[in-house]
Amino acid sequence: MTDRKAELAANLAAVEERIGAACAAAGRKREELTLIVVTKTYPASDVRFLSELGVRHVAENRDQDAAPKAADCSDLPLDWHFVGQLQTNKVRSVVGYADVVQSVDRVKLVTALSKEAVRAGREIGCLLQVALDAGVGGRGDRGGVAPEGIEELAASVAGAPGLRLGGLMTVAPLTGAYAGRQQAAFERLMDLSTALRVAHPAANMVSAGMSADLEQAVAAGATHVRVGTAVLGVRRGLG
Ligand SMILES: *Cc1c(COP(=O)(O)O)cnc(C)c1O
């Protein structure tokens, strides 16, 4: 094994241990949780090692980096999640490799995703990114629909050809009422998920929790955690 692969293996084992302990503490089964490894800023060679180590889900947040990486790794049994703010002019490219777009936050984006999914003959899973710190009608600093906008946006995804409404995603807010209160934020997302599932019972994915707060996400009931730094190391520059 190369040094890097051994390092990734050790980091993955440590993250697995954290997830296992968090599940045990919450009385949940490990199978209820899906680990998504966020590979942004790291090379395709790392994605390949991760796949060899058993990772099945990876996430990226910038199309410019993700598109060539996904092409390099197209032989691997991986699901690609897109988790970054998405401009409509990048949608055609993203639909070419993404299985799930977790950052759906406006109807205009739904329209573009649907059109390109149909053109490509693909079905794209969509999570609505919720900005828990956004006011009515507003959007979060890092994207996301305000809680009051979920119902309308969900209806638009549910009615869009080529798209499948998967559930909800959030990033714990750094400011506002939930700053420093990740578990409360994730519990609020769970309540919003429960409400969403009344009209959309299959939309049961809840993507919450990153390297620093995966335990709180597991405790709150998340189904998917998105872990970058704890597996790959601290990113240089913007990620
Ligand atoms: C980068 C990123 C993550 C992973 O963050 P880490 O702190 O590195 O684990 C998760 N979700 C989103 C949306 C991200 O952009």
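Keep in mind that the model is predicted. The ligand sits among eleven named neighbours that include Lys40, Ser211, Gly228 and Arg235, and the protein buries 88% of the ligand's area.

**Around the ligand**

- The residues surrounding the ligand are Val38, Lys40, Val83, Val171, Met210, Ser211, Arg226, Val227, Gly228, Thr229 and Arg235.
- Ser211 brings a polar side-chain atom to 2.5 Å from one of the ligand's oxygen atoms.
- Arg235 also uses its side chain, with a polar atom 2.8 Å from an oxygen atom of the ligand.
- Gly228 works through its backbone instead: an N or O atom there lies 2.8 Å from a ligand oxygen atom.
- On its own the ligand would expose 390 Å², and 88% of that is buried by the protein.

- The UniProt record, an unreviewed entry, puts "modified residue: N6-(pyridoxal phosphate)lysine" at Lys40.
- Lys40 is also one of the residues surrounding the ligand.
- Look for Lys40 in the loop that runs between strand 1 (34-38) and helix 2 (44-52).
- Lys40 counts as buried because its relative accessibility is 15%, below the 20% cut-off.
- Thr41 belongs to the loop between strand 1 and helix 2 as well.
- Thr41 comes out as partly exposed, since its relative accessibility is 37%.
- The backbone at Thr41 is worth a look: phi is near 75°, a positive value in a residue that isn't glycine.
- For context, most residues other than glycine have a negative phi.

- Leaving out neighbours within four places in sequence, Leu128 is in contact with Gln102, Val104, Ile150, Leu153, Ala154, Val157, Leu165, Gly167, Leu168 and Met169.

- Ser193 is part of helix 7, which covers residues 182-199.
- With a relative accessible area of 0%, Ser193 is buried.
- Ala112 is in helix 5, residues 107-120, and it counts as buried because its relative accessibility is 17%.
- Once neighbours within four places in sequence are set aside, Ala112 is in contact with Thr88 and Val91.
- Ala112 and Val91 are 21 residues apart in sequence, with their C-alpha atoms 6.7 Å apart.
- Ala158 belongs to helix 6, residues 150-158, and at 47% relative accessibility it counts as partly exposed.
- From Ala158 to Val110 the C-alpha separation is 9.9 Å, and the two are 48 residues apart along the chain.

Methods:
Residues numbered from 1 in each chain as written. Predicted model: local features only at pLDDT ≥ 70, side-chain atom pairs only at ≥ 80, totals over all residues. Heavy atoms only, no water. Contact = heavy atoms within 4.5 Å. UniProt positions renumbered as here; feature names shortened; annotations may be inferred. Helix = DSSP H or I, 4+ residues; strand = E, 2+ residues; numbered from the N terminus. Buried < 20%, exposed > 50% of the residue type's maximum accessible area, 1.4 Å probe, protein only. Near = heavy atom within 4 Å. Polar contact = N/O pair within 3.5 Å; in protein donor to acceptor, adjacent residues only side chain to side chain. Areas by Shrake-Rupley, 256 points an atom, 1.4 Å probe, with all protein chains shown as cover.
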